[in-house]
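Hi there,

Here is the structure I promised to pass on. Please have a look at it first, and then read my notes below.

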Amino acid sequence: MRRIGGMLRLVGLVALLNGCATTLTTASGVAPEGHLMYAGTRLNSSIISQASCESGAPDNHGCAYDKALAPLSVVDFLPSLLLDTLLLPFTALHALLQADG
């Protein structure tokens with residue numbers, strides 16, 4: 001039982017240290033479908049649904065990669081949704097400015 005608690009703490013620590021999908025996609029400025037609005041949430045849902053396992057998926061980072069990241073994406077989904085919502089005014093402005101230029 002103690003070992004399971006230690007493993008859960010380790011998984012939680014790794015998830016926190018890696019950063020959430022929102023931080024990664026917003027900071028890089030590269031997002032699926034070309035805009036940053038809810039990019040982290042869309043990335044998590046893509047990984048959870050294993051969309052890259054289907055042929056012709058736009059974010060083809062590999063089916064094995066999605067299967068390995070799916071548990072972490074489930075944990076990261078709600079924090080990414082919250083942060084994407086907080087960043088929505090900025091990402092919407094970014095999308096408008098990108099469309100004009």
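**What I found**

The protein exposes about 6900 Å², and carbon and sulfur atoms supply 70% of that area (Shrake-Rupley method, 1.4 Å probe; for residues, only the protein chains shown count as cover). Please keep in mind that this is a predicted model, in which local features need pLDDT of at least 70 and side-chain atom pairs count only at pLDDT 80 or more, while totals for chains, interfaces and linings use all residues. Residues are numbered from 1 along each chain as its sequence is written, and side-chain values use heavy atoms, with hydrogens and water left out.

**Overall picture**

There are five helices and zero strands in the protein (DSSP runs numbered from the N terminus: H or I of at least four residues for helices, E of at least two for strands). The protein has 101 residues, and 26% of them count as buried (under 20% relative accessible area; exposed is over 50%, partly exposed in between, with a 1.4 Å probe and protein chains only). Among contacts with a separation of 6 or more, 51% come from residues 24 or more positions apart (a contact means heavy atoms within 4.5 Å).

Helix α2 (residues 21-28) has A21, T22 and T25 as its buried residues. They sit on the same side of α2 because they cover an arc of only 95° around the axis (the arc of the directions from the helix axis to the C-beta atoms). On the other side of α2, L24 and A27 are exposed. The cover over the buried residues of α2 includes α3 (39-49) and α4. After α2 comes G29, with a positive phi near 80°.

How do α2 and α4 cross? The axes of α2 and α4 (residues 63-86) come within 8 Å and cross at roughly 45° (axes are lines fitted to C-alpha atoms, for helices over the stretch in contact, and angles run from 0 to 180 degrees between N-to-C directions). The two helices are therefore oblique to each other (under 35 degrees counts as roughly parallel, over 145 as roughly antiparallel, 65 to 115 as roughly perpendicular and the rest as oblique). In this contact, A21, T22 and T23 of α2 meet D76, S80, L83 and D84 of α4. Those residues divide into two nonpolar, three polar and two charged (Ala, Val, Leu, Ile, Met, Phe, Trp, Tyr, Cys and Pro count as nonpolar, Asp, Glu, Lys and Arg as charged, and the others, Gly among them, as polar).

With axes 4 Å apart, α4 and α5 pack at an angle of about 65°. D84, T85 and L86 of α4 make this contact with L88, P89 and F90 of α5. By class, four of the residues are nonpolar, one is polar and one is charged.

Leaving out residues up to four places away in sequence, T91 touches L36 and M37. L96 is also in α5, but is exposed, with a relative accessible area of 56%. L96 and H35 are 61 residues apart in sequence, and their C-alpha atoms are 9.5 Å apart in space.

Finally, Y38 belongs to the loop between α2 and α3. Y38 is partly exposed, at 27% relative accessible area, and its phi is positive, near 55°, in a residue other than glycine.

Best wishes
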